Amino acid sequence: MVNFKQFWTKKTLVGLGLGQFLSLLITSTGFSSSELAKRGINAPTSQSFLNYVLLSVVYGSVMLYRRQALKAKWYYYVILGLVDVEANYLVVKAYQYTSITSVMLLDCWSIPSVMLLTYIFLKTKYRYRKIAGVIVCVAGLVMVVFSDVHAGDRSGGSNPRKGDLLVIAGATLYAISNVSEEFLVKNADRVELMSFLGLFGAIISAIQISIVERNELKSIHWTAGAAFPFLGFSLAMFLFYSFVPVLLKMSGSTMLNLSLLTSDMWAVVIRIFAYHEKVDWMYFLAFVAVAVGLIIYSGGDKDDDQSRADVADQGTERSKHFDEEAGFDNLSRGNTVGSSKMGDMSRHDCMTSSGGRETIENTSIGKDMQGKKS
């Protein structure tokens, strides 16, 4: 029998809620980009530039106030900034060549890429339950794709093959970026990560804008209608980047990518209530499938934590067992604590760390020492 109480832990609920908050932020960036596209503005790197500037200013100020030494090499952040900027650029650029349906489907490539990279470099072990959750989530997104095809919303694009390759390349870079952030946020510092990602991301974006998008920016007629989506996009991305490390540290990069699958479903909800559009019934079934998949995946966290706790408990019990043996041996024979016999190595370490007392003289002292160690 499946114990459903293990799904509703505090960690699971917080992870699911935070994941959907990030998904809504990504949905808002999609609508901002769509509004800019309607106005003929095509500058994906420029849209992300202000986000990187905000990250460097806000988190850089906190880092300067702390005056702490770097916990990771600075050139790691240079590489991460380059990967992150180009991942954003490639996926947005792909919309010019292929259909939105193809982008949605191929963007799922980031999920197996993340799982492979975390398995190789972070030594993450995935139980069958987590793999099943991933399969259910991806199946839900495939339903969305078929729903688009069924509804006749699919358009071929000017160069589908080129667009598909751009999506796959961008999804791979997203996977590398997410796994790198997960490693850095768990082994370095969140503020340090955000400040340097913002700094080098802004520098790389500025260089790329001067080369690729300079003429595009000159041709933009800046009005309130054009500036507002730019600012909205930057603010949503700033919040997204700020909370991503929290979810990465809590649940990992695979959970992040699975949570972002629901961004397309939230877009459908907005289309229904804000624009009063009709959508295919398969969207609702797909949303349920992705939600169930997320619960299945995140529900395994308790088992993983328990397995790690079991390993720690085994070590503790083993140490306690040696301590008890040491106490009883000393009571019966009055041997010194600093014995170097092969079978008493654990007892030697424990007694040396407790101050190097030479002899346990009586039963009451022996029991007291044993109580202190346990």
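Select arginine 66. Arginine 66 is partly exposed, with a relative accessible area of 38%. Here, buried means under 20% relative accessible area, exposed means over 50%, and partly exposed is in between (1.4 Å probe, protein chains only). This is a predicted model, in which local features need pLDDT of at least 70 and side-chain atom pairs count only at pLDDT 80 or more, while totals for chains, interfaces and linings use all residues. Residues are numbered from 1 along each chain as its sequence is written, and side-chain values use heavy atoms, leaving out hydrogens and water.

**Stop 1: salt bridges**

A salt bridge is a side-chain nitrogen of Lys or Arg within 4 Å of a carboxyl oxygen of Asp or Glu. Arginine 66 lies in helix H2 (residues 44–66) and aspartate 189 in the loop between helix H7 (160–187) and H8, so the pair ties together parts that are 123 residues apart in sequence. Helices are DSSP runs (H or I, at least four residues), numbered from the N terminus. Is aspartate 189 buried or exposed? Aspartate 189 is buried, at 17% relative accessible area.

How many salt bridges does a search of the whole structure find? It finds three.

Select lysine 186 and glutamate 182 next. Their side chains meet in a salt bridge (2.9 Å, N to O). Both residues lie in helix H7, four residues apart, which is about one turn of the helix. Lysine 186 is partly exposed at 43%, whereas glutamate 182 is buried at 4%.

Now pick arginine 39 and glutamate 35. Their side chains also meet in a salt bridge, at 3.4 Å from N to O. Arginine 39 is partly exposed, with 44% relative accessible area. Glutamate 35 is partly exposed too, with 30%.

**Stop 2: across the chain**

Go to valine 58, in helix H2. Valine 58 is partly exposed, at 39% relative accessible area. The C-alpha atoms of valine 58 and methionine 194 are 9.0 Å apart, although 136 residues separate the two along the chain.

Then select serine 32, in helix H1 (residues 10–38). Serine 32 counts as buried, at 13% relative accessibility. What is serine 32 in contact with, leaving aside neighbours within four places in sequence? The partners are Pro229, Gly232 and Phe233. Contact means heavy atoms within 4.5 Å.

**Stop 3: the cores**

Select Leu22, Tyr77, Tyr241, Leu258 and Leu261. Of the 49 residues in the largest nonpolar core, these touch the most other members. A nonpolar core is a set of buried Ala, Val, Leu, Ile, Met, Phe, Trp, Tyr and Cys residues joined through side-chain atoms within 4.5 Å. Helix H9 (residues 224–251) gives the largest share of this core, nine residues. Apart from it lies another core of ten residues, including Ala87, Leu90, Tyr97 and Val167.

Zoom in on tyrosine 77. Beyond its neighbours within four places in sequence, tyrosine 77 is in contact with Ala72, Leu184, Ala188, Glu192, Leu193, Phe196 and Phe200.

**Stop 4: the surface**

Finish with isoleucine 211, in helix H8 (residues 190–219). Isoleucine 211 counts as exposed, at 65% relative accessibility. With Ile211, they make a nonpolar surface patch of about 460 Å². Such patches are made of residues with over 30% relative accessible area and no salt bridge; like charges are joined within 9 Å, and nonpolar side chains (Val, Leu, Ile, Met, Phe, Trp, Tyr) within 5 Å. Accessible areas come from the Shrake-Rupley method with a 1.4 Å probe; for residues, only the protein chains shown count as cover.

Technical notes. Helices (H or I, at least four residues) and strands (E, at least two) are DSSP runs, numbered from the N terminus.
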